[in-house]
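Take a walk through this protein, from its overall make-up down to single residues. Keep the structure open beside the text.

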Amino acid sequence: MAGSSDRAAESGEVGRLAATVERLRQQALEAEWAADGRALIEMARGILVGRLGCGAAEASRQLTRLADQSGVTVLSLAVDVINQAARDGVSEIAQQFLKTAAAAESEPAGEPRAAVRLRAAESRVLAAADVQAVATALLQNAFGPLGASGVAIWLVGPDSSLALVGQAGFTQEDAERWRHVPPEVATCARLALHSRDLAVVACLSEAGIPTIGRRQHPDGGRIMAPAGTGGRIHGILEVSWPDRLPSQQPQILRQLEAMAELCAHTLEEQSLDIPPPSARVAPPTGVGELVDLADHLNDPVLILTPHLDRAGRLSDFRVHHTNSRFIDPAGRPRSLVTGAHFLEAYPAAAENNGLFSKLERVYATGEPCHAPRTALTAFVDEVPLTSVADVSISRHGTALLLIWKIEDETARLASLLQHAQRLGRVGGFEQNTRTGAITWNGQLFALFGLPSTASPVPLEDLAAHAHPHDVNSIGRFLRTLLHRLRESSVDFRLRRPDGITRHIRIVAEPVLDAHGRLYAVRGACQDISAQHWTEVALAATRDQLADSEAESADRTKLALKLQHAIMPPAPATLEVPGIRIAVRYRPAESHSLVGGDWYDSVVLPNEKILISVGDVAGHGIQAATGMVVLRNALRGLAVTGAGPAQLLSWLNAVAYHLTGNLTATAVCGIYDPATRSLRWARAGHLPPVLVRGDHVQALPLVPGMLLGALPDPEFAEHEVQLEREDILLMYTDGLIERRDISVTDALSNLLTVASQHKESLDKRLDNLLTYSASDTDDDTCLIGVQVR
């Protein structure tokens with residue numbers, strides 16, 4: 001029991017001690033708030049004194065009276081007066097807080113306290129003795145109330161390294177570990193340095209980016225903001241939260257940016273007094289040392305110093321120094337460039353993503369930049385002169401070291417020529433005819449199959465390396481070149497030491513001295529083996545094509561003769577008792593498209609008249625022979641006296657069984673002059689057209705499948721009673737068929753043309769051919785039957 005009492009007493013002592021510590025902490029915080037409040041009230045009084053032109057006592061009374069009238073505390077009104085007078089970033093954030101609070105209908109005393117907190121943070125940061133005190137003030141007054149657990153302030157070194165110069169909320173062990181970050185290490189702070197803008201990492205464990213305090217809060221979030229002035233980034237402000245970051249309100253992010261601006265002024269003022277965090281961080285190099293360094297470099301160098309506008313922002317660079325190796329793209333001397341503003345000397349550098357933007361980035365981040373093949377443009381008498389150079393930029397203190405290596409055009413063209421010779425399999429040579437000295441390039445040794453250490457082959461010994469059949473050609477080449485002193489060329493077969501034979505072409509010219517005497521020969525050799533074998537293959541192909549074309553022409557001629565023998569292009573008008581028959585046949589425009597269109601009219605033994613028209617599918621000799629088979633078969637079958645439907649049924653059997661997959665369309669009609677009646681049937685063909693006076697119509701579309709498609713199709717028969725002066729038109733699809741309209745529309749166009757009155761049957765048919773709307777380049781058969 002005694003032990004238990006002792007533990008209870010000890011626990012009570014610890015509890016009282018903790019309560020005392022908490023009470024003292026609260027008292028300290030209240031004292032800090034009171035001190036901050038008094039400072040802000042004094043600042044507001046000073047503003048009123050300046051604006052109202054009154055004394056300090058009157059300003060104090062005015063502040064108290066305005067607070068009573070507004071229903072707010074004197075401190076809240078003082079902050080509002082400061083915000084109205086300052087109109088800076090903190091004022092803007094305070095107004096955003098007030099608007100948010102009003103929209104959420106929060107307590108009126110809550111958000112003014114946030115505004116007080118921001119002004120208190122600003123006051124403490126400006127009064128801080130060093131960057132460490134700045135970090136502590138930011139965490140306590142600005143970000144701690146927002147839930148942040150730590151603040152780190154990084155200084156950007158000349159080599160883009162990062163140095164931890166102030167921190168609050170992190171362990172001392174972490175601070176020592178992260179005292180220096182080399183340029184090549186990717187961290188959260190470097191995200192803001194590279195982007196030159198606000199960067200947010202919602203969760204460290206998901207992003208996988210190292211940074212200070214990651215072990216302490218592995219799932220925490222970070223917000224980083226660059227701290228810079230005059231276009232140059234001096235450091236990075238990084239704020240840590242213990243848990244994953246939710247979506248941040250704009251005023252929170254804007255608050256962090258405003259605090260980063262305060263840090264930038266502190267870093268700018270105190271950076272020269274901050275010792276290097278480690279031996280690896282070198283102090284900034286002075287401009288004088290850069291000048292000495294530039295004068296000892298073999299490349300053209302410009303030393304640039306920043307030029308700021310009245311607002312302290314970077315607007316241009318001044319060319320402080322150019323070394324003796326400096327080369328201006330426009331050929332200007334150093335004296336005209338040194339001392340000038342960079343954009344005045346090279347205005348084209350201001351283009352998007354141009355050289356000036358690279359200078360700005362290096363100046364802001366301190367990260368070196370290498371840009372190969374950068375265009376350097378200078379204007380001379382308003383004429384742009386452009387060179388291409390490899391550019392290197394680095395920051396040293398506040399100055400930039402710009403090195404450009406303008407491309408050697410001769411070396412570049414020489415390299416280009418070497419690649420062209422390699423790709424074209426071309427080698428060059430020169431032979432001095434007086435001394436015998438021979439110069440070959442590397443590609444020529446490869447063409448001859450010789451090692452680069454071998455002796456070049458003289459022109460006089462060229463025949464010894466060639467095929468025996470090409471010796472005479474090489475001899476003519478050498479005589480023209482060496483004796484007639486004229487440019488010459490030769491193609492020959494080169495027999496290489498490795499046993500491979502290559503086809504080579506040599507083109508050479510004589511080089512004469514001042515007295516017109518030969519002293520050298522220079523030329524080029526090209527491997528044309530691929531071209532030679534391609535020409536051989538093309539020649540064989542041309543021979544095969546010529547044979548095929550001749551065979552095709554013979555077949556076309558045969559088909560045309562066969563077609564014209566059966567159906568002459570201009571057949572005579574057929575005079576039959578009771579009717580008059582006129583025929584027009586228009587062959588295809590291309591002789592290679594010999595078709596299978598046919599027509600026929602014959603008086604049968606029973607005094608009736610067979611009238612038919614048809615079209616065999618396809619072109620060429622097969623279509624022409626198929627047309628002959630069907631036309632003659634129909635003539636023979638019609639002698640039996642059968643009707644049109646029966647005749648087409650028999651003709652289908654011929655097409656299906658006896659012609660080998662032949663298909664065709666046809667119209668078959670039997671006209672009886674005694675009764676003026678026409679019985680007709682169709683096999684997949686367009687129906688006849690009847691012209692009676694001013695009325696034109698197509699006959700009914702009776703059922704009937706094309707010939708040769710099925711073994712036993714059914715064909716229907718139709719009878720029409722004709723009258724005197726009636727005209728019946730039968731035709732093939734070549735008369736009306738078009739690619740851009742339907743068959744129905746094409747048939748309607750035909751009826752319109754057929755309705756035009758003409759003096760005779762022949763003129764009517766000629767008019768139909770002239771104004772037919774077909775565009776398929778197919779044969780056309782047209783039969784006109786006029787009843788008397």
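The model is a predicted one. The protein has 22 helices and 27 strands. It runs to 788 residues, and 43% of them count as buried.

Start with two helices, α21 and α22. Helix α21 spans residues 743-754, and helix α22 spans residues 761-770. Their axes come within 10 Å and cross at roughly 140°. The crossing of α21 past α22 is right-handed. On the α21 side, the meeting residues are Leu750, Val753 and Ala754. On the α22 side, they are Arg764, Asn767 and Leu768. By class, this contact holds 4 nonpolar, 1 polar and 1 charged residues. An α-helix has 3.6 residues a turn, so residues three or four places apart point the same way.

Stay with α22. How many of its residues are buried? The count is 7 of 10, and the helix is mostly covered. The buried residues are Leu761, Asp762, Arg764, Leu765, Asn767, Leu768 and Leu769. Arg764, Asn767 and Leu768 also meet α21. Helix α21 is part of the cover over the buried residues of α22. Strands contribute as well. Among them are β18 (579-586), β23 (689-692), β26 (727-731) and β27 (780-787).

The model has 3 cavities of 30 Å³ or more. The largest cavity has a volume of about 80 Å³. Which residues line the largest cavity? The lining consists of Phe429, Gln431, Ile438, Trp440, Phe448, Val457, Pro458, Leu459, Leu462, Ile506 and Cys525. Two elements give two or more residues each to this lining: β12 (426-432) and β13 (438-440). In class terms, the lining has 10 nonpolar residues, 1 polar residue and no charged residue.

Asp615 sits in strand β20, which covers residues 609-616. Is Asp615 buried or exposed? Asp615 counts as buried because its relative accessible area is 11%, and the cut-off for buried is under 20%. Its contacts beyond four places in sequence come from several stretches of the chain. Gly596, Asp597 and Trp598 are among these partners. Ala664 and Thr665 also touch Asp615. Thr732, Asp733 and Asp778 complete the list.

Val629 lies in helix α19, residues 621-638. Its relative accessible area is 38%, so Val629 is partly exposed. Beyond four places in sequence, Val629 touches Val654 and Thr659. Val629 and Leu658 are 29 residues apart in sequence, and their C-alpha atoms are 9.6 Å apart in space.

Asp328 takes us to a loop. The loop runs between β8 (314-322) and α12 (334-337). Asp328 has 6% relative accessibility, so it counts as buried. Leaving aside neighbours within four places in sequence, Asp328 is in contact with Val337 and Tyr346. Ala378 is 50 residues away from Asp328 in sequence, yet the C-alpha to C-alpha distance is 8.3 Å.

Finish with backbone angles. Most residues other than glycine have a negative phi. Asn353 is not a glycine, but its phi is positive, about 55°. Asn353 lies in the loop between α13 (342-345) and α14 (355-365). Its relative accessibility is 68%, so Asn353 counts as exposed.

Arg676 likewise has a positive phi of about 55° without being a glycine. Where is Arg676 found? It is in the loop between β21 (664-672) and β22 (677-683). Arg676 has 29% relative accessibility, so it counts as partly exposed.

Definitions and conventions: Residues numbered from 1 in each chain as written. Predicted model: local features only at pLDDT ≥ 70, side-chain atom pairs only at ≥ 80, totals over all residues. Heavy atoms only, no water. 1 Å grid on protein atoms, 1.4 Å probe; cavity = no way out; pocket = protein on both sides within 12 Å on 5 of 7 lines; lining within 4 Å. Points joined across faces, edges and corners; volume = space filled by probe spheres on them. Helix = DSSP H or I, 4+ residues; strand = E, 2+ residues; numbered from the N terminus. Nonpolar A, V, L, I, M, F, W, Y, C, P; charged D, E, K, R; others polar. Axes fitted to C-alpha atoms, helices over the stretch in contact; angles between N-to-C directions. Left-handed = near helix turned anticlockwise from the far one by under 90°. Contact = heavy atoms within 4.5 Å. Buried < 20%, exposed > 50% of the residue type's maximum accessible area, 1.4 Å probe, protein only.
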